[in-house]
Amino acid sequence: MTEITITRHVEGSKGRYVARVADAEGEGVLSYSIASPTMVIADHTGVDDSLRGRGIAHALAARLVEDARAEGFKIVPLCPFVNAERRKHPEWSEVFQ
């Protein structure tokens with residue numbers, strides 16, 4: 001199993017999760033906009049070609065869901081990937097708007 005390290009970066013009304021894998025170059029990123037203290041808009045998810053097939057994008061979406069649960073915000077899934085993951089995981093439904 002690939003060990004993924006995800007860090008969260010927030011600057012003003014923009015944020016992003018950055019995923020890295022110890023044995024590989026490149027990164028995966030899930031960017032979002034903070035619409036309000038209770039609403040985050042998932043804008044885009046992208047993973048470098050060198051990391052594809054390792055579950056990086058799913059790990060980024062899962063981390064966003066985990067933080068939404070912990071911090072009490074809802075997610076608006078503008079990003080097609082996050083929206084697709086939302087449909088695949090009905091157990092996440094309470095954090096999506």
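Q: How many residues lie between β3 and β4 in the hairpin that they form?
A: This is a predicted model, in which local features need pLDDT of at least 70, side-chain atom pairs count only at pLDDT 80 or more, and totals for chains, interfaces and linings use all residues. Residues are numbered from 1 along each chain as its sequence is written, and side-chain values use heavy atoms, without hydrogens and water. Strands are DSSP runs of E with at least two residues, and helices are runs of H or I with at least four, numbered from the N terminus. The number of residues between β3 and β4 in the hairpin is two.

Q: In which sense do β3 and β4 pair?
A: Two strands pair if DSSP finds at least two bridges between them. Strand β3 covers residues 28-36 and β4 covers residues 39-47, with eight bridges joining them. Along this pairing, S33 stands opposite I41, and I34 has V40 as its bridge partner. The sense is antiparallel.

Q: Which residue of β5 stands opposite M39?
A: On another pairing, β4 meets β5 in the parallel sense, over four bridges. There, the residue opposite M39 is K74.

Q: Which strands are the edges of the sheet?
A: The sheet is open, with five strands in the order β1-β2-β3-β4-β5 and mixed pairing. An edge strand pairs on one side only. The edges are β1 (4-11) and β5 (74-77).

Q: What is the average twist from one strand to the next?
A: Axes are lines fitted to C-alpha atoms, for helices over the stretch in contact, and angles run from 0 to 180 degrees between N-to-C directions. For the five-strand sheet, the average twist is 25°.

Q: In what order do the elements run from the N terminus?
A: The protein has two helices and five strands. From the N terminus on, the order is β-β-β-β-α-β-α.

Q: Which two residues form the aromatic pair, and is their arrangement stacked, edge-to-face or tilted?
A: The structure holds one aromatic pair, counted when ring centres of Phe, Tyr or Trp (its six-membered ring) lie within 6.5 Å; planes under 30 degrees apart are stacked, over 60 edge-to-face and the rest tilted. Y17 in strand β2 (residues 14-21) and Y32 in strand β3 are 15 residues apart, so the pair links distant parts of the chain. With ring centres 5.5 Å apart and planes at 40°, the pair of Y17 and Y32 is tilted.

Q: What is the relative accessible area of L51?
A: L51 is found in the loop between β4 and α1 (56-71). Leaving aside neighbours within four places in sequence, L51 is in contact (heavy atoms within 4.5 Å) with V21, A24, E25, G26, E27, G28 and I56. The C-alpha atoms of L51 and V21, 30 residues apart along the chain, are separated by 8.1 Å. L51 is buried, with a relative accessible area of 1%.

Q: What is the radius of gyration of the protein?
A: The C-alpha atoms fill a box of roughly 35 × 30 × 20 Å along the principal axes. The radius of gyration is taken over C-alpha atoms, and the globule rule is 2.2 Å times the number of residues to the power 0.38. For 97 residues, a compact globule would have a radius near 13 Å, which agrees with the value of the protein, 13 Å.

Q: What share of the residues is buried?
A: The protein has 97 residues. The buried share of these is 35%.

Methods
Buried < 20%, exposed > 50% of the residue type's maximum accessible area, 1.4 Å probe, protein only.
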